[in-house]
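Subject: Structure handover

Hello,

Please find the structure below, with notes on what was found in it.

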Protein chains: 2
Amino acid sequence: MSAMMTTTADAQASPTHTPSAPGSADFDLDVWSRARLQQVEQALDRWVTADVPLGLSHGAPAQLVEAMRYAVLDGGKRLRPLLVLAAHYAVCHGASSAQGISTQDIALRAACAVELIHAYSLVHDDMPCMDNDVLRRGKPTVHVQFGQASALLAGDALQALAFEFLTPQDGKVPPSIQARLCALLARAAGSAGMAGGQAIDLASVGLPLTESQLRQMHELKTGALLQASVMMGAHCSTPNAQALEGLQAYGAAMGLAFQVVDDILDVTADSTTLGKTAGKDADNNKPTYVSLMGLQASKAYAQQLLRQSLHALDATGLAHTEALRALADMVVNRAH
Amino acid sequence: MSAMMTTTADAQASPTHTPSAPGSADFDLDVWSRARLQQVEQALDRWVTADVPLGLSHGAPAQLVEAMRYAVLDGGKRLRPLLVLAAHYAVCHGASSAQGISTQDIALRAACAVELIHAYSLVHDDMPCMDNDVLRRGKPTVHVQFGQASALLAGDALQALAFEFLTPQDGKVPPSIQARLCALLARAAGSAGMAGGQAIDLASVGLPLTESQLRQMHELKTGALLQASVMMGAHCSTPNAQALEGLQAYGAAMGLAFQVVDDILDVTADSTTLGKTAGKDADNNKPTYVSLMGLQASKAYAQQLLRQSLHALDATGLAHTEALRALADMVVNRAH
């Protein structure tokens, strides 16, 4: 991951971009991420279980919880949780740095919640009536492993669990923050967000889309949840309007860049590197940025979106956007 | 519906039950329900739409919203919304009766939210990988009408929309109530609730269950959301501990009664009356109360649960439990 942290030559060449975050040059995303990802993994492992009263699935049938855990544990880049925690870090840096990595309880909950939504969407997307995929994160997909009915129910239960994560009744998290986070997540996951984008995606197979239509699809399909991750991290505290506006713009550009790069990797990477079936979009005659604008133009567009996202961070007025900057760079310059 | 409101001979014969709610003898559930159901229908029609900025699905693809509306509008008994509003009526009677039927904004939102969860569960349950049913509420099921992928996504989006209903950002609903309602709904819908019950149901086809195992399955599968409807209605205000405890017991008994009666109707009613395929459970070799204890004993058990639920209401200390009483009676003595 460390190789991806260097700002790309393309971005450095931009005459209009001057990094303003202090200390960003020697920021190490690997180091920053490691402890936080460990917290996320531990929280998911601890809370997505039927075994102990602490587990939020306490009282649930063991087989369903097994499918849920299979879907969500030990997998993926955890980009969304990292975006939550990076935005929280940017907004609350002063408070949290005093105690080292003391990610507040609610930021950790928000990080897990967005990952649960992401995980459920993958389970349902992979099902035979959708993308009919058998490989995900290098493992058989959930319906291959547990059957279609269990996959359907595990996805459904993961979505509900996300909102349970956000609404602890232990008095530690202000209800106003809980309510705001639920609102952001519900909007991003629903018909005007992720599920809506999936529906457009399905309906557009084999159809010629304009760039504007393709962008709208991706803004919903993947962009909404990525942007919500950033905004949820910010709303774990009380950011000012300037910061919110900048973070919103960052989330939009970075979210779109993510999808452009996904389309690029679908044609340039192999299945082993991706951990999922490569070339799938082209095989399925799905419109992509590469099919629309070609490979080179898509790569240039991804770099342009990276610059946009970094400019947006400059405009937040926040001093500690290092983690968000490094994550945008990772999104665009990743190999899988 | 009016014929169902008369307390049954069986319940009247119980020497231990004395109705304590004032005015319950001349309470008319039909009259009470009509205006409230109209509000629920209007709210669902107004909010589940992509057409206007007011619609919560504004920005969503039209085809997906069409499938969502098909799943949720003009259908069903709306038992869960009525339970929400009846519990709210019991807890807040003084305040709301002053202005006639002025169901508070949040109670209406909660009523719609539980119905959205119920509607999504039906969409997913009917899919070929689950119950594979083609008829629901007298209409073709969603996957028959719109295709499996759209049914899957419409269900997913309906679940997210339920949490959006509960978290309006207009300042009219205290965040503490929003957070509490989200917590109750998420728990009732998830792995330790409805989705968990479905998973047990699937895993138990063809297996001999004990009465205790059957009850556990139904407590999760249908009981959890019915009970949550009651508790959400109560939590739209600030009920005392005695009221909460009684309402919880009412919800448990009434929720179980609902499923016992469902099992009875599956063998005694025809498809036209039910609006769904009758005899399905027996055909699918699913364990039911009727297959476990026989038809007559099941009917007696349903009446016993009705008496339990009415006793629980007596213990709430609330004066205006008429609507909840009448709904429990309707649940047990319904014809479909």
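To start with a term needed further down: a nonpolar core is a set of buried Ala, Val, Leu, Ile, Met, Phe, Trp, Tyr and Cys residues joined through C-beta atoms within 7 Å. Buried means that 20 or more other C-beta atoms lie within 10 Å of the residue's own; with 12 or fewer the residue is exposed, in between it is partly exposed, and the C-beta atoms are placed from the backbone. By these criteria the largest nonpolar core has 224 residues, and those with the most contacts inside it are A:Leu185, A:Ala257, B:Leu185 and B:Ala257.

This is a predicted model, in which local features need pLDDT of at least 70 and side-chain atom pairs count only at pLDDT 80 or more, while totals for chains, interfaces and linings use all residues. Residues are numbered from 1 along each chain as its sequence is written, and chains are lettered from A and ligands numbered from 1 in the order in which they are written.

The chain

Chain A has 17 helices and two strands; these are DSSP runs numbered from the N terminus, helices being H or I with at least four residues and strands E with at least two. Of the 336 residues of chain A, 54% count as buried. Two residues are in contact if their C-beta atoms, placed from the backbone, lie within 7 Å. Among contacts in chain A between residues at least 6 apart in sequence, 75% join residues at least 24 apart. Leaving aside residues up to four places away in sequence, A:Leu185 touches A:Ala113, A:Val114, A:Ile117, A:Ala162, A:Leu166, A:Ala228 and A:Met232.

The two copies

Across the interface, 46 residues of chain A are in contact with 46 residues of chain B. On the chain A side, α3 (62–72), α8 (148–165), α9 (175–189) and α10 (194–203) each supply at least two residues, and the largest share, 12 residues, comes from α8(A). The side of chain A that touches chain B divides into 27 nonpolar, 16 polar and three charged residues (nonpolar: Ala, Val, Leu, Ile, Met, Phe, Trp, Tyr, Cys and Pro; charged: Asp, Glu, Lys and Arg; polar: the others, Gly among them). Because 100% of the interface residues of chain A are also interface residues in chain B, the copies meet through the same surface.

One residue to look at is B:Ala149, in helix α8 (residues 148–165) of chain B. B:Ala149 counts as buried, with 21 C-beta neighbours inside 10 Å. Not counting residues up to four places away in sequence, B:Ala149 touches A:Cys129, A:Met130 and A:Leu202.

Helix α4 (residues 79–91) of chain B is mostly covered, with 12 of its 13 residues buried. Helix α2 (residues 29–47) of chain B has B:Leu29, B:Trp32, B:Ser33, B:Arg36, B:Val40 and B:Leu44 buried. The buried residues of α2(B) pack against α3 (62–72), α4, α6 (105–125) and α17 (322–333) of chain B.

Backbone points

Phi of A:Asn132 is near 50°, a positive value in a residue other than glycine. A:Asn132 is in the loop between α6 (105–125) and β1 (135–136) of chain A.

Regards
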